[in-house]
Amino acid sequence: MNSNNTTFTQELNNPILNTGLHIILTTDEDDARPVYISGNFNQWRTQDKEFIMEKIGIGLYHYKFSHDFDYPSELLYKFTKGDWSEVEIDSHGNRTENRSTHNHTGIQKEHVARWRKNWLPFKQSFLPQVQLISDEFIIPQLNKTRKIWALLPHDYDNSSESYPVMYLQDAQNLFNEAAEFGNWEIDKKLAVMSEYKIGKIIIIAIEHAEEDRIKEYNVGKTVLGKGQGKKYIRFVTDTLKPYVDSNFRTKKEREFTGIGGSSMGGLISIFSGLRNPEVYGKLMIFSPSLWVVPELKINAKKANSADTKIYLYAGGDESATMIEHVKKFQEDLISSEFVIDKSKINLSINRQGKHSETYWSDEFPKAIEWLFFNAK
């Protein structure tokens with residue numbers, strides 16, 4: 001035992017110092033990520049610096065509540081490596097239930113077998129049903145066809161429930177294992193969310209136009225030239241959504257309808273929400289290509305947008321201006337009163353985040369949960 005462990009053992013045996021509750025944690029999987037306690041005593045925040053555990057050995061951590069800590073009647077808690085995507089799991093990869101104690105003093109010994117990484121592993125039985133809506137869905141506004149998918153809750157066929165819907169761009173990169181630049185793994189993330197009972201949702205995944213992708217996702221005249229974005233938005237809003245609502249058990253109202261994407265897919269999703277706030281009450285915008293200098297007309301008078309929710313994500317290692325542009329967009333939304341309540345905009349920034357599917361993948365379940373379910 002090293003000197004740190006010796007000091008720690010002496011403290012535990014000291015009746016004067018041992019006046020609060022000590023939680024001792026051992027774990028079979030150890031790495032450089034810090035360990036936090038999250039619970040009903042801190043609104044289940046996962047990176048609360050007041051509740052970071054001290055590492056005192058390999059696979060050994062402890063936390064001591066102060067002698068005057070205001071305990072709830074029953075202390076509920078879980079251990080994470082800083083986020084719900086990195087929460088504790090058992091040796092078989094299963095979710096663990098909340099831990100609990102009524103003790104306010106003494107020693108509480110706990111053990112974690114494994115930790116999730118980027119929400120994984122997942123359970124096959126919770127995977128969504130992936131249904132190809134059409135190989136050649138007609139886009140009358142552009143005189144084209146497109147491949148479109150629906151990801152339905154795993155138990156959709158055994159339920160009569162109706163579900164909220166999120167329309168996502170760039171389907172080629174959402175759950176395709178053969179995607180050139182990786183994929184968001186939304187099928188696996190939806191499986192984990194379903195296992196944790198966060199909430200069930202239908203995802204409509206629209207493939208991009210390959211060589212015409214930028215043209216379709218560009219609105220108006222920008223540094224990229226003249227885009228076809230207005231016609232594309234009309235397709236999703238006027239053609240695809242009515243079809244989806246007629247053929248699947250959806251909650252049709254705007255408060256249950258979202259649209260989102262990343263990069264240029266995030267940009268076209270911004271325009272979709274700004275132009276049709278009466279249709280889309282949830283926007284999921286990852287690393288939007290605001291550098292193309294689009295003309296963003298934010299018209300707060302067009303609809304009652306009091307309950308519009310917008311999840312914005314940006315990575316610090318994407319470009320020199322990504323975070324600046326996203327913050328400016330957030331400020332414009334607030335100053336224009338398109339979103340009246342500031343709490344309805346969630347700005348998530350990862351200072352180490354790159355412009356890649358890996359980071360959007362990690363952000364996806366957080367965004368869906370916050371936008372639609374707000375579960376802890």
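Select Leu168 in this predicted model; Leu168 stands opposite Ala205, which belongs to strand 13. Now extend the selection to strand 12 (residues 165-168) and strand 13 (residues 202-206): the two run parallel and are joined by four bridges.

Next, display the whole sheet around them. Eight strands make up this open sheet, in the order 10-11-13-12-16-17-18-19, and their pairing is mixed. At its edges, select strand 10 (129-139) and strand 19 (345-350), each of which pairs on one side only. Neighbouring strands of the sheet are turned against each other by 15 degrees on average, direction ignored.

Two helices that pack on this sheet may be selected in turn. Helix 4 (residues 229-247) touches strands including strand 11 (144-152) and strand 16 (257-262), and its direction makes about 125 degrees with that of strand 10. Helix 5 (residues 264-275) touches strand 16 and strand 17 (282-286); its direction makes about 150 degrees with that of strand 16.

Proceed to helix 2 (residues 186-195) and select Ser194 within it. Is Ser194 buried or exposed? Ser194 is buried, because its relative accessible area of 10% falls under the 20% limit. Residues up to four places away in sequence aside, Ser194 touches Phe126, His154 and Lys200.

Finally, turn to another open sheet, in which four strands follow the order 3-4-1-8 with mixed pairing. Strand 3 (54-57) and strand 8 (106-112) each have a single partner strand, so one side of each lacks a neighbour in the sheet. The twist from one strand to the next averages 25 degrees. Strand 1 (residues 21-27) pairs with strand 8 in the parallel sense over seven bridges; select Thr27 to find Val112 of strand 8 opposite.

Definitions and conventions: Residues are numbered from 1 along each chain as its sequence is written. This is a predicted model: local features need pLDDT of at least 70, side-chain atom pairs count only at pLDDT 80 or more; totals for chains, interfaces and linings use all residues. Side-chain values use heavy atoms; hydrogens and water are left out. Buried means under 20% relative accessible area, exposed over 50%, partly exposed in between (1.4 Å probe, protein chains only). Contact means heavy atoms within 4.5 Å. Two strands pair if DSSP finds at least two bridges between them. Axes are lines fitted to C-alpha atoms, for helices over the stretch in contact, and angles run from 0 to 180 degrees between N-to-C directions.
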